[in-house]
Amino acid sequence: MTEGGDAQEVETIRLDRLLVYLRFARTRSAACKIIERQSFRRNRLHVKRVSENVVVGDVLTFMQGDTVRVIEVLSLPDRRTSAAAAKDYFRELG
């Protein structure tokens, strides 16, 4: 910590919770299964724990069905929202 106490806290959210809030998974258990398949990456690095934290700007790559999804997190939701509103929190990259 700096002397002036100017350290900013970065807002984070657990990866499994984010997948549910953005409607990529229906439940946290389903989100855990997506992550544990070992095909999930955050910023090009394999995710090893479902409890890893995500911040704004992170790029997530994962399989959803037969499709590879690559998304950038634009903001963090406070709760699960409608499918239409969830799209405001991320953008598709690939």
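Trainee: Hi! Where is glutamate 72 found?
Mentor: Glutamate 72 is found in strand β6. Keep in mind that this is a predicted model.

Trainee: Which residue does the side chain of glutamate 72 join in a polar contact?
Mentor: The partner is arginine 91, with a polar contact of 2.5 Å between the two side chains. Arginine 91 and glutamate 72 also form a salt bridge, with the closest N and O atoms 2.5 Å apart. Arginine 91 lies in strand β7 (residues 90-92) and glutamate 72 in strand β6 (residues 67-73), so the pair ties together parts that are 19 residues apart in sequence.

Trainee: And arginine 91, how does its accessibility come out?
Mentor: Arginine 91 counts as partly exposed, at 44% relative accessibility.

Trainee: What else does glutamate 72 touch?
Mentor: Leaving out residues up to four places away in sequence, glutamate 72 touches Gly57, Asp58, Val59, Tyr89, Phe90, Arg91 and Leu93.

Trainee: Asp58 is on that list. Which arginine does aspartate 58 form a salt bridge with?
Mentor: Aspartate 58 forms a salt bridge with arginine 42, and the closest N and O atoms are 3.4 Å apart. The two residues are 16 residues apart and link distant parts of the chain: aspartate 58 is in the loop between β4 (53-54) and β5 (59-64), while arginine 42 is in strand β2 (residues 41-42). Aspartate 58 counts as buried at 5% relative accessibility, and arginine 42 counts as partly exposed at 22%.

Trainee: How many salt bridges does the count come to?
Mentor: The count comes to 6 salt bridges. One of them joins the side chains of aspartate 16 and arginine 14, at 3.0 Å from N to O. Aspartate 16 is buried, with a relative accessible area of 2%, whereas arginine 14 is partly exposed, with 30%.

Trainee: Which residues are linked with those two in a network?
Mentor: Arg28 belongs there too: Arg14, Asp16 and Arg28 are linked in a network of salt bridges.

Trainee: Let's switch to the sheet. What is the strand order?
Mentor: The order is β3-β2-β5-β6-β7, in an open sheet of 5 strands with antiparallel pairing. At the edges stand β3 (45-46) and β7, each with a single partner strand, so one side of each is left without a neighbour in the sheet.

Trainee: How many bridges join β2 to β3?
Mentor: There are 2 bridges joining β2 to β3, and these strands run antiparallel. Arginine 41 stands opposite histidine 46 in β3.

Trainee: Now the nonpolar core. Which residues have the most contacts inside it?
Mentor: In the largest nonpolar core, which has 24 residues, those are Phe40 and Leu60. The elements giving two or more residues to this core are α1 (15-21), α2 (28-36), β5 and β6. The biggest share comes from α1, which gives 5 residues.

Trainee: What does phenylalanine 40 touch?
Mentor: Not counting residues up to four places away in sequence, phenylalanine 40 touches residues including Leu15, Leu19, Ile34, Ile35, Leu60 and Phe62.

Trainee: Which residues do the ring pairs link into a cluster?
Mentor: The cluster is made of Phe24, Phe40, Phe62 and Phe90.

Trainee: Last one: is glutamate 11 buried or exposed?
Mentor: Glutamate 11 counts as exposed, at 52% relative accessibility. It is found in the segment before β1 (13-14), and touches Val54, Val55, Leu76 and Asp78, leaving out residues up to four places away in sequence.

Definitions and conventions: Residues are numbered from 1 along each chain as its sequence is written. This is a predicted model: local features need pLDDT of at least 70, side-chain atom pairs count only at pLDDT 80 or more; totals for chains, interfaces and linings use all residues. Side-chain values use heavy atoms; hydrogens and water are left out. A salt bridge is a side-chain nitrogen of Lys or Arg within 4 Å of a carboxyl oxygen of Asp or Glu. Buried means under 20% relative accessible area, exposed over 50%, partly exposed in between (1.4 Å probe, protein chains only). Helices (H or I, at least four residues) and strands (E, at least two) are DSSP runs, numbered from the N terminus. A nonpolar core is a set of buried Ala, Val, Leu, Ile, Met, Phe, Trp, Tyr and Cys residues joined through side-chain atoms within 4.5 Å. Contact means heavy atoms within 4.5 Å. A polar contact is a pair of N or O atoms within 3.5 Å; within protein, one must be able to donate a hydrogen and the other to accept it, and residues adjacent in sequence count only if both atoms are side-chain atoms. Two strands pair if DSSP finds at least two bridges between them. Rings of Phe, Tyr and Trp (its six-membered ring) pair if their centres lie within 6.5 Å; planes under 30 degrees apart count as stacked, over 60 as edge-to-face and the rest as tilted.
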